[in-house]
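Dear colleague,

Please find below the sequence and structure that I am handing over to you.

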Amino acid sequence: MNDDGIFDDLLAANKRYARSAPREFDGIAHQGVMILTCMDSRIEPLEMVGLMIGEAKILRTAGARLTDRGLGAFIMGVHKLKVNRILLVPHTKCAAASMDEVGMRAAIKDASGIDPGDFEFGVSPDQLGNLRADCERLRSHPLIAGFAEVGGFLYDVETGLMSREC
């Protein structure tokens, strides 16, 4: 293992955090909420809907896209962690919605000098179409339908407001 100190600042911050980190949580989503949102650091998933630690489950993907693993997490959340409300929340000014797969592959190649080949990044400029498709995928899944309500929302990074899209 290479220990060149590159993570030392984060480990030091973690030691400070550990002194007051929440303890004694059971892992249940106590408000019955599970949120899929983007990995964008401008988004505070719990705060944007008025929740606190222990009240919701959070998933993050580029562009807030539902993946097969994410679907599995939602199914587990619904049946093991008391989730009964699912929010899919992409956001405005999202890099994952700024180009298609061809454009992203070219951008990655330009930045790295390495051709990513046919790697799928899950990006698409049809952000609202993708949101509707992901909502429908969850709503129609036999292990979600009838067990949890699904809503699709768009978070505006300029105003902090969410609007219901589906």
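Helices (H or I, at least four residues) and strands (E, at least two) are DSSP runs, numbered from the N terminus. The model is predicted, so to speak of local features requires pLDDT of at least 70 and side-chain atom pairs count only at pLDDT 80 or more, while totals for chains, interfaces and linings use all residues. Residues are numbered from 1 along each chain as its sequence is written, and side-chain values use heavy atoms, without hydrogens and water.

A cavity is a set of points on a 1 Å grid over the protein atoms alone where a 1.4 Å probe fits but cannot get out; a pocket is an open set with protein on both sides within 12 Å along at least five of seven lines; lining residues have an atom within 4 Å of a point. Grid points are joined across faces, edges and corners, and volume is the space filled by probe spheres set on them.

The largest cavity holds about 110 Å³. It has 15 lining residues, of which Gly63, Arg65, Pro90, Gln127 and Asn130 are the closest to its centre. Helix H5 (residues 127–140) supplies the largest share of this lining, four residues.

A nonpolar core joins buried (under 20% relative accessible area, 1.4 Å probe, protein chains only) Ala, Val, Leu, Ile, Met, Phe, Trp, Tyr and Cys residues through side-chain atoms within 4.5 Å. In the largest, of 20 residues, Phe74, Ile86, Leu88, Leu138 and Ile144 touch the most other members. Helix H3 (68–80) gives the largest share, five residues.

Yours sincerely

Technical notes: Buried < 20%, exposed > 50% of the residue type's maximum accessible area, 1.4 Å probe, protein only.
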